[in-house]
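Before the details of this model are taken up, I would like to set out a few points on confidence and on packing. Please read them with the coordinates open.

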Amino acid sequence: MYSRNYLLFIGIIALMLSACGPARFVEPLSKNENAIGIDLGGPMVKVPGIATMPIPFSSVTYGRGVSNNLTIHGSWYTTAAVFGVAQIGGGATYGAWKSKNQKHGASAMLGFNTAIDVFENNFKFWPQLDAHYYFKYNFRSLTQDDLLNKGGRPSANMLYVGIGSWYELSSVKAHGEKQETVVVPMLNLGHDLNWKKWTFKTELKLLAPFSSNEDIVLDYISLTGKKGATGLYFGLIRRF
Amino acid sequence: MRGIISIVLIAVFILFVGCRKRLDDFLFNNDNSITEYRLDNYAGELSLELPTDYYIPESDIHQFEFTIEDGDETLKIAAIFVGDVNAIQTDTVILYCHGNRDHMDHYWPRQKLLSYVGHQGRFGVLMFDYPGYGLSEGKPTEENMYAATDGALNWLKEKGLENDRLIVYGYSLGSAATCKSAGDKSFALQPHKIVLEAPFASSAVMVQDASLINMPSSYMVDIKIDNAEQIKQCNVPLYWMHGIDDDFLSFTSHGQLVYNNHNMSWKIKSEVPGAGHNNVPVFIGLEEYKQSLLSFILSDS
C-alpha cells in the first residue's frame, strides 16, 4: 500500500499555494487610508485519522487607498515562505459602482500572484481577476473621524458575494502534457464585521467548483460534492 | 507603524533563513519498530488479503541481510528470498520492490502471490526492505532506496543470476526503483522485463493534479523521482497494470503517462475496472493475475 501521507501533504501545500486567500478590499479604502491585514484559512480537507479542517494558510496584506474608488494592495504568503517559496500577490481594487445611500456597491480587482522557490528558482506568475457585489448594514452614526479620515463613510458591517479567477498562462504542464485548466474559478461569499479601526473578515470560498476532485491525492470537502473544494478563511484588518 | 514593519522584516528573515521545510520525509511511511519479521503471523495491516491456501514451506523462506554504502555509512539491509537459492543460477527470478508503507511483513502476501506464478516455487522471488524500513538500518532517502535495490541485485548476481533471467516488479513507490534499475546502467544487473503496478509519474504530476495549475514540484519537495521520464530509458518489455478507479494515483495522469512514455513496442497493460490503488490483483482475479504474469515472463515477444 502506498501511504496517503506524503501525497496528502504535497497536495495540501500545493492547494494552499494556489488557493490564495480571501478577497482583498471588496470595498475600496478611502483616499489615503491604509490597512494591514492578516488572514488564516484555506480549503477544507479530510486528514485521515485526524479531522476535517481548513488548511491553515496564512498571509499578510497591505493596502492603500489611492482615491476613494481605487485601492492598491500587496500580500505576502507566509505559509508558502515556510517551504522556501517566496509568494507575493498584488492588485488594484476599483469601486465600479455604489448606490446613493452607500448600502450597495460593486468592485473589481485586477491582480497577480507570483512565486519563486529558493531551491531551483522556479518562477510562476498567475493573473487574477475578481468581481464582487457588497451590501452594507448596521450603519453606525457618522463620526467626526469618519468625516475627516474616511471620506465621509460611516462604518457598517458588510456582506459580499462575488467571483474570483486565477489564470494559468502555461499551455503545457509536467512532461509536456497539455495544461487543460486555464482558469481556476472561485465563488466567494463573505462577511466583514467592522469596528472603528478593525475588521473581522469571514469568507467561504468555492474553489474550482466545476473541476472533479476525484482520483487525486487529497480528500477535499466540498459543498459541490465531487467538484472542487470549499475554503474557509478568517482575517483581521487594521485601518490607519 | 515602525514596530509592525520591524516584525514583518524579522518574520521574513526567520522564514527564509530558518524555515525551508521540505516534504520529502513524507514519501517514506516506514515502520522500523519491529524486532523480527512475523510473515504469516503478522497482525498488522496487510497490503493484500490472500486465501489461506497460499502457503510457503519454511524451507523456501530465506531471510538474510546484505550491506550497502550510504555516504559514509554501511547499512544492513533485510531481505527475504522465497524459493530455491540454488536455482537462482539457472532460473528466472522476480525482484519485488514494495511500496512506501511499513515494512516487508505488510507486503508478505504479495511476495507469496508472486511465488505462486506458474506454481508454488516456480520462480524465486526476492523482496527487501528499503533503509529505515523493518529491520533495515538507516533513514530512508531516494538515493539509498536505489542503493538498496542495487544491493539486492548484487546479491542475486553473486548467486549466479544474469540479466536475461531477471524480472523486476515495482508496486507504487517501488516503481521508482524498478524504472531506475532498468534505465540506469550503473546497477549490478539490468532486468530483462519489468512490471509496474500502480506506478506514479512524478512529484510534478502529484502537485499539479492537486492544484490544477502548473505548479513546480520544487515548491515542496527535493526528490527527483520521475518515472515518466525515466521510463523512456527503459528499453525492456513492460507490463503495466493499474486500477481504473485508483483514487490515489490517477490511472490517467500517472499510470497511463508512464505507459505511454515507454518507447518499446513490446508492452502490455491491464486496465482494471473497479480496482483502486491497493487491490489490482484481486480485481484482475488472482488466477488471471498469475497467468498473465506467467505469460509475460515466458513470452519472447
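Among the elements of chain A, which has the lowest mean pLDDT, and which the highest?

1. In chain A, the lowest mean pLDDT among the elements, 53, belongs to helix H1 (residues 4–19) of chain A, whereas the highest, 95, belongs to strand E4 (residues 70–76) of chain A. Where pLDDT is low, the predicted coordinates should not be read in detail.

2. Taken chain by chain, the mean pLDDT of chain A is 82, with 78% of its residues at 70 or more, while chain B averages 90, with 91% of its residues scoring at least 70. For the model, the scores are ipTM 0.72 and pTM 0.79.

3. Chain B contains an open sheet of eight strands, whose order is E2-E3-E6-E4-E7-E8-E9-E10 and whose pairing is mixed. Its edges are formed by strand E2 (61–70) and strand E10 (267–272) of chain B, each of which pairs on one side only. From one strand to the next, the twist averages 20 degrees.

4. Within this sheet, strand E4 (residues 93–97) of chain B and strand E6 (residues 124–128) of chain B run parallel and are joined by four bridges.

5. Two helices of chain B deserve attention for the way they lie on strands. Helix H7 (residues 251–261) of chain B lies across strand E8 (193–197), strand E9 (238–243) and E10 of chain B, and runs at about 175 degrees to E9(B). Helix H9 (residues 286–298) of chain B lies across strand E7 (166–171), E8, E9 and E10 of chain B, and its direction is at about 155 degrees to E8(B).

6. The crossing in which H3(B) passes H4(B) is right-handed.

7. As for the residues at this contact, H3(B) contributes B:Met145, B:Tyr146, B:Thr149 and B:Leu153, which meet B:Ala177, B:Lys180 and B:Ser181 in H4(B). By class, the residues of the contact of H3(B) with H4(B) comprise four nonpolar, two polar and one charged.

Technical notes:
Residues are numbered from 1 along each chain as its sequence is written. Chains are lettered from A and ligands numbered from 1 in the order in which they are written. This is a predicted model: local features need pLDDT of at least 70, side-chain atom pairs count only at pLDDT 80 or more; totals for chains, interfaces and linings use all residues. A crossing is left-handed if the near helix is turned anticlockwise from the far one by less than a right angle, and right-handed if clockwise. Two residues are in contact if their C-beta atoms, placed from the backbone, lie within 7 Å. Ala, Val, Leu, Ile, Met, Phe, Trp, Tyr, Cys and Pro count as nonpolar, Asp, Glu, Lys and Arg as charged, and the others, Gly among them, as polar. pLDDT is the predictor's confidence in each residue, from 0 to 100. Two strands pair if DSSP finds at least two bridges between them. Axes are lines fitted to C-alpha atoms, for helices over the stretch in contact, and angles run from 0 to 180 degrees between N-to-C directions.
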